Amino acid sequence: MVMFALAGIGLLWLFAWFVRLERRNQRHTIFVIFVTGYLAEAILASQSARVAVGILRPKIAGQDFRLPDVLIVLVLAARCFGTARGGRIMSGVMSICAFGAWYATAAVVGLLNQMPTAVVLFQGKAIFYVLGAVIVGSGVDTARLSEHLALPAVVLASVLAVAAILGLLHRSISVVTPVQRFDHLGMVSNDTASVLVVIGALVLVAEAVRPRRRRALVVAGIWLLMAPLVGDHRATYLVLMVVVGMMLLAVFGRTWSRRSSVRPSVLMCSVLGVVVFGMAAASLTPLSTVVLQRFDTAFAGEATARSSESRVVMAERAVEHISEHPIIGSGVGMQVLRTGEYMDEDLASAHNFLLDITLRSGLVGLTLFLVVLFHALRIGVQRWRTEPDHRTAVVCLAATLGVAGVLSKAMVEPALDKYRLSILFGLCVGVIFCADRRPTQVPVPGLPTRGPRAIGPMTPSMADVITPAR
């Protein structure tokens, strides 16, 4: 009881602080606090399904909550109490609000169709995480974010190094405290690894546009990109391939030569050199067998083949259900029959975000979601190409890579039902909308430029409703 009382007092103090920051228009500080808590929870409670009930997993009225849940509620409440009214509602924000409203309606439809309440609440929380993270991300100061990546990059790279060593040794750390029991410290889950890949891409592109690059951060960024190596999950490697592939498209594009003095060939040789050196070093150690086993588990073996076949069957069953209610869907909570590894059957999502959204909210919901996705990707690419401030441009590029990475994993996994990936998706979309709201800036002196700067006009605001005019 004493611990709950102290936690309540702490939450009230944090809420009051958020309100003060809102009234002072210091939303970037709120963004930093939220992301710090989000990353801390992802590292300390990496295996989310195995986290014991405690401060990182409070259980109230039979429902599990996580630290990001509490932080999102506090941010939303502070935004309501501390923000002046007014501002325009533009198409980007209108699209995501429209999707959120329709998805919430689909949750009501699911309850009316007698879907299991627990499943409706579980799947329905996805929109809470996405919209909440969009609002948090809309408060970022993109220039400050790009300039202050040194400490988080070094800390996260160090954590990943420890996790890699413990994973190869098949060890984990257990710690018991009065407020939380940590059973798997030092482990990095597949979802956390996906988050680290996006952060690694941000660190690399941010360093590439700096006039004086810091080699230690370049190495840290490359190491974070290699986060999937600590696990054995194919979908996480898919995130890596999509993020790196899109990064290569940007590096070899015309815009790169205006923003960075680093030639694409030099960057590629550096990345490949570090990767080849790391793989060669691992193969020469007694732990090489463990490394090969991880690749074999991820991409070969009977379990992998059965998993692929199961997903094909689930997709076919999802299409059959969609054909019954194609326009408005069957409601949130709808699942398909899945055949397990031992031929046992249970209910699960379709493991494909296009099918899952259509199954739950119909073609209307899918269309609204694709509109949100179109706005985010269009603005992200446009800002990368036309934004005068290089720091904002690289943050938009990284956020666009993050959106693409999460959706690539969501094609084969229920990524939008996983709170860490839903939050990552929402943060990236919010950052992109925030950058679109920014006024035109003068290029920062000292940042490298090469060739003509064909900077186009700024696009209309897309997030005024999230950040109202003062």
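Student: How are α15 and α16 oriented to each other, roughly parallel or roughly antiparallel?
Tutor: In this predicted model, where local features need pLDDT of at least 70, side-chain atom pairs count only at pLDDT 80 or more, and totals for chains, interfaces and linings use all residues, the axes of α15 (residues 353-386) and α16 (residues 390-410) cross at roughly 160°, and the two helices are therefore roughly antiparallel, a term for angles over 145 degrees. Residues are numbered from 1 along each chain as its sequence is written, and side-chain values use heavy atoms, with hydrogens and water left out.

Student: And what is the handedness of the crossing where α15 passes α16?
Tutor: The crossing is left-handed, and the axes come within 9 Å.

Student: Which residues of α15 meet α16?
Tutor: Among them are Phe369, Leu373, Leu377 and Trp384 in α15, which meet residues of α16 including Leu397, Val403 and Leu407, where contact means heavy atoms within 4.5 Å.

Student: Switching to loops, where does Asn25 lie?
Tutor: Asn25 lies in the loop between α1 (2-23) and α2 (27-44), and its phi is near 60°, a positive value in a residue other than glycine.

Student: And His351, is that one buried or exposed?
Tutor: His351, in the loop between β6 (345-348) and α15, is buried at a relative accessible area of 10% (buried means under 20%, exposed over 50%, partly exposed in between, with a 1.4 Å probe and protein chains only), whereas Asn25 is partly exposed at 43%. Phi of His351 is also near 60°.

Definitions and conventions: Axes fitted to C-alpha atoms, helices over the stretch in contact; angles between N-to-C directions. Helix = DSSP H or I, 4+ residues; strand = E, 2+ residues; numbered from the N terminus. Parallel < 35°, antiparallel > 145°, perpendicular 65-115°, else oblique. Left-handed = near helix turned anticlockwise from the far one by under 90°.
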